[in-house]
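Visitor: Show me how to read a few features of a model, one at a time.

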Amino acid sequence: MHADLLIHNIGQLITVAGGPAMRRGAGPLRGVGPLRGPLMRQLGIVEQAAVIIRDGAILAAGPQAKLVDAVDATSTLDAGGRCVLPGFVDPHTHLPWAGHRAHEFDLRIGGATYMEIMAAGGGIVRTVADTRAASLEQLTRETAERAARMLAHGTTTAEAKTGYGLNVADELKQLRAIAALQREGPLDLAPTFLGAHAVPAEYRGRTDAYVDLVVEEMLPAAWAEWQVLKADFPPRWPIFCDVFCEDGAFDLAQSERILQAARTVGFRLKLHVDEFAPLGGTPLAVRLGATSVDHIVTTPAEHVTLLAGSDTIGVALPGTPFGLAHRDYTPARSLIDQGGAVALATDLNPGTCWCENMQFMIALACRYMKLVPAEAIVAATINAAHAIGLGDRVGSIEGGKQADLIVLDADDYRMLGYRFGTNQVRTVVK
Ligand code: NIG
Ligand code: FE
């Protein structure tokens, strides 16, 4: 059999292959849903393994003895007994923005809260001003540097939200920057329209009027733009709509209005909930059939239980409480123990968490949410892929999937989590 690339001498191949059906109890169908509950420890490890790649896809993965003789490969990569796993999928980022907010960091360390800074005209609206002022070209270049850093740390697919434009023209500019980076590659980007990220300065005190703008003008314009831009993405690529449901941003009724309208237009749904104040966004996300519900930090116990029994994936963003020096993290242990599906993401953004590195999220998840490394890796690969509607394409190493893999500088997968603050990815295959 002919191949473009043979990766051999893999000490530990972490396949994360073979997810069960979406609903618990629906039977062991392969690869159709995230790993939930106790299955999140299932890494599908093959020792002394090889992976065969052709035309950018995985042809076969498994024990080396069975595969190597059968293949004639144009190039080979000797993994040197190291650990190989699926490229990380980062399912929640605010990737396209301009500028930075380093000056606010002093204020935050001095005790000003995130929401106080936002109410005083800083925070998200400051980045909105910088992003509006940037040309598409400048926005794309600044964003490309972060995308390259993500790739260097092993992320091969990422979600990317708008939300620093907050008017029709600048939200579309952010969508175009995402599409421009998808064209450049190799990082794959799943776009999310987050026009309801904050109330822009010109609508201050008139949130409902801004919601009218989002529903009546921005959502249809973003959808129309996507009909053009989607030519830059693989076929059947998803696009999401998200809302920041929070005190000082959008309340439950406003969030529902936007998401209902988005669903009618054709978007898939996500929701930022319970980052600071528990407004009841988790039941809303579950009721609307959102693909994921994200942050879930101050979520009441009964909402965690509700989420665990639903098809909505809980996305934990431990870099955010860490970045804000908060003590409370997503109750991901409880969500998993009740049979839920958890994904991990960076939340990469200029306010709460400027970190491109999913390895650090794994280290935080182990320490502050008590996930074992196996669970954190599942959360950062296959479950993260499902959290952006790409679980049939990326997130595991099995025949037919996209050939997105990383070779660690380690022979044991638990070095992820255990060791931190340095890049342990030796090679990225994309
Ligand atoms: O997920 N919560 C809202 N959005 C981001 C922060 C964005 C910013 O501060 O620029 C978050 O934490
Ligand atoms: Fe976020």
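Visitor: Where does S255 lie?

Guide: Helices are DSSP runs of H or I, at least four residues, and strands are runs of E, at least two, numbered from the N terminus. S255 lies in helix α8, residues 252-265. This is a predicted model: local features need pLDDT of at least 70, side-chain atom pairs count only at pLDDT 80 or more, and totals for chains, interfaces and linings use all residues. Residues are numbered from 1 along each chain as written, chains are lettered from A and ligands numbered from 1 in written order, and side-chain values use heavy atoms, without hydrogens or water.

Visitor: Is S255 buried or exposed?

Guide: Buried means under 20% relative accessible area, exposed over 50%, partly exposed in between (1.4 Å probe, protein chains only). S255 has 0%, so it is buried.

Visitor: Which residues is S255 in contact with, leaving aside neighbours within four places in sequence?

Guide: Contact means heavy atoms within 4.5 Å. S255 touches V243, C245, F250, L271 and L284 in this sense.

Visitor: Which residues coordinate the iron ion (ligand 2)?

Guide: Donors are N, O and S atoms within 2.8 Å of the metal (3.2 Å for Na, K and Ca); water is not among the atoms, so sites may look incomplete. Here the donors are H92 (NE2), H94 (NE2), H272 (NE2) and D347 (OD), at 2.1 to 2.3 Å. H92 sits in the loop between β6 (88-90) and α2 (102-109), and D347 in the loop between β13 (342-344) and α13 (358-369), 255 residues apart.

Visitor: What is the relative accessibility of D347?

Guide: D347 is at 2%, so it counts as buried. H92 is buried too, at 0%.
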